[in-house]
Amino acid sequence: MTTPYAEVIGDPIAHSKSPLIHRFWLERLGIAGDYRAERVAADGLAGYFAARAADPDWRGCNVTVPHKVAALDHVPDPGGVRESIGAANTVFRDGSGRLAATNTDAAGFLSPIADLDLGGAAVTVVGAGGAARAVLFALSKVGVGRVTLLNRTPLKAAALLAGFGLKGDALPLEARPRPDTALLVNASALGMAGQPPLSLDLAPLPEDAIVYDIVYAPLETPLLAAARARGLDTVDGLEMLIGQAALAFELFFGAAPPREDDDALRDLLLA
Ligand code: NAP
């Protein structure tokens with residue numbers, strides 16, 4: 001008997017939490033399947049997709065650094081993610097078994113804040129890399145108001161704002177968030193293990209502002225600690241990680257993951 005499986009590919013890949021997440025759901029749902037981490041170098045990407053396309057047990061893969069853009073050179077993009085977000089994080093088989101690329105990061109980012117009415121709201125985002133692209137795409141879809149985009153390289157940030165049709169300002173990291181900010185998102189690598197902390201002045205934020213850090217290693221970033229110390233509501237990076245994985249899981253295995261078990265999953269990821 002054969003076993004259906006999916007994978008996460010990247011280089012490096014050993015740090016990935018995706019196998020823990022997907023295996024947890026496979027076990028809870030009693031699905032006889034597997035999910036692995038596979039290190040794939042940049043020059044091995046074409047060969048990887050050619051080999052897996054020929055393996056009927058392979059249901060697809062998540063794609064992480066540094067392959068999120070390059071994967072689109074090897075897999076059809078029927079939903080046009082190259083044009084919209086500019087990167088793919090998931091490759092799956094469509095109903096006819098053909099490979100298709102998509103991006104679940106944007107919807108995964110929105111999932112923990114789906115109840116917020118962000119229409120017209122002022123938002124501050126930090127970062128202009130791959131993750132920020134998914135965040136800005138998602139925010140453009142919910143019709144946010146002015147976006148203050150802070151980045152080490154403000155020129156890059158200005159290009160992203162224009163590219164996503166967002167109105168706002170591209171500023172250096174030292175700038176202060178606007179006093180009407182409803183949501184502040186860190187989508188940069190700052191605060192991640194091995195990176196400097198993100199030192200933002202949170203004093204201008206209103207009392208009902210929400211601070212969302214998509215960094216999940218460590219989970220309690222200096223930014224989230226500072227926001228909590230100020231009494232602000234926070235959203236951590238595991239929420240987005242689990243949200244984007246849930247959408248990919250359904251594409252791989254055809255079943256919705258048991259999100260009522262999220263607390264147990266978070267405990268597992270933090271153990
Ligand atoms: P990326 O494409 O490499 O972008 C990195 C961003 O961080 C850029 O804006 C870069 O600024 C900035 N940056 C990096 N080092 C910096 C430094 N020393 N000083 C100032 N700015 C610095 O990375 P990414 O893929 O967007 O990932 C960003 C973070 O999001 C990572 O921590 C990643 O783990 C996390 N993430 C989380 C999820 C989730 O599901 N929770 C999903 C995806 C990513 P420049 O533009 O000036 O280079």
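The model is predicted: local features need pLDDT of at least 70, side-chain atom pairs count only at pLDDT 80 or more, and totals for chains, interfaces and linings use all residues. Residues are numbered from 1 along each chain as its sequence is written, and side-chain values use heavy atoms, with hydrogens and water left out. The chain is divided into domain 1 (5-103 + 242-270) and domain 2 (107-235), with bounds that come from an automatic or database domain assignment. Helices (H or I, at least four residues) and strands (E, at least two) are DSSP runs, numbered from the N terminus.

**Domains**

- The centres of domain 1 and domain 2, taken over C-alpha atoms, are separated by 26 Å.
- Nine residues of domain 1 are in contact with nine residues of domain 2, where contact means heavy atoms within 4.5 Å.

**The five-stranded sheet**

- Five strands form an open sheet with mixed pairing, in the order β2-β1-β3-β4-β5; two strands pair if DSSP finds at least two bridges between them.
- The edges are taken by β2 (34-39) and β5 (99-102), each with a single partner strand, so one side of each is left without a neighbour in the sheet.
- From one strand to the next, the twist averages 25°. Axes are lines fitted to C-alpha atoms, for helices over the stretch in contact, and angles run from 0 to 180 degrees between N-to-C directions.
- Strand β4 (residues 90-93) and β5 run antiparallel and are joined by four bridges.
- Within this pairing, Arg93 has Leu99 of β5 as its bridge partner, and Phe92 stands opposite Ala100 in β5.
- The hairpin of β4 and β5 has five residues between the strands, and Gly97 in this hairpin takes a positive phi near 90°.
- Helix α8 (residues 237-253) lies across β1 (5-10), β2, β3 (58-63), β4 and β5, and runs at about 160° to β3.

- Helix α1 (residues 18-29) packs with α8 at an angle of about 55°, and their axes are 10 Å apart.
- This angle makes α1 oblique to α8. Angles under 35 degrees count as roughly parallel, over 145 as roughly antiparallel, 65 to 115 as roughly perpendicular and the rest as oblique.
- The crossing of α1 and α8 is right-handed. A crossing is left-handed if the near helix is turned anticlockwise from the far one by less than a right angle, and right-handed if clockwise.
- On the α1 side the residues are Ile21, His22, Trp25, Leu26 and Leu29; they meet Leu241, Ile242, Ala245, Ala246, Ala248, Phe249, Phe252 and Phe253 in α8.
- By class, the contact of α1 with α8 has twelve nonpolar, one polar and no charged residues. Ala, Val, Leu, Ile, Met, Phe, Trp, Tyr, Cys and Pro count as nonpolar, Asp, Glu, Lys and Arg as charged, and the others, Gly among them, as polar.
- The axes of α8 and helix α9 (residues 262-270) come within 11 Å and cross at roughly 115°.
- The two helices α8 and α9 are therefore roughly perpendicular to each other, and α8 passes α9 in a right-handed crossing.
- Leu238, Glu239 and Ile242 of α8 make this contact with Asp262, Leu265, Arg266, Leu269 and Leu270 of α9.
- The classes in the contact of α8 with α9 are five nonpolar, no polar and three charged residues.

**The six-stranded sheet**

- Another open sheet has six strands with parallel pairing, in the order β8-β7-β6-β9-β10-β11.
- Its edge strands, β8 (168-171) and β11 (233-235), each pair on one side only.
- The twist in this sheet averages 15° from one strand to the next.
- Four bridges join strand β7 (residues 147-150) to β8, and the two run parallel; Val147 has Gly168 in β8 as its bridge partner.
- Helix α6 (residues 154-163) lies across β7 and β8, at about 160° to β8.
- Helix α7 lies across β9 (181-186), β10 and β11, at about 165° to β10.

**Cis peptide bonds**

- The peptide bond from Asp11 to Pro12 is cis, with omega near 10°, and Pro12 is found in the loop between β1 and α1.
- Ala217 and Pro218 are joined by a cis peptide bond with omega about 10°; Pro218 lies in the loop between β10 (210-213) and α7 (222-229).
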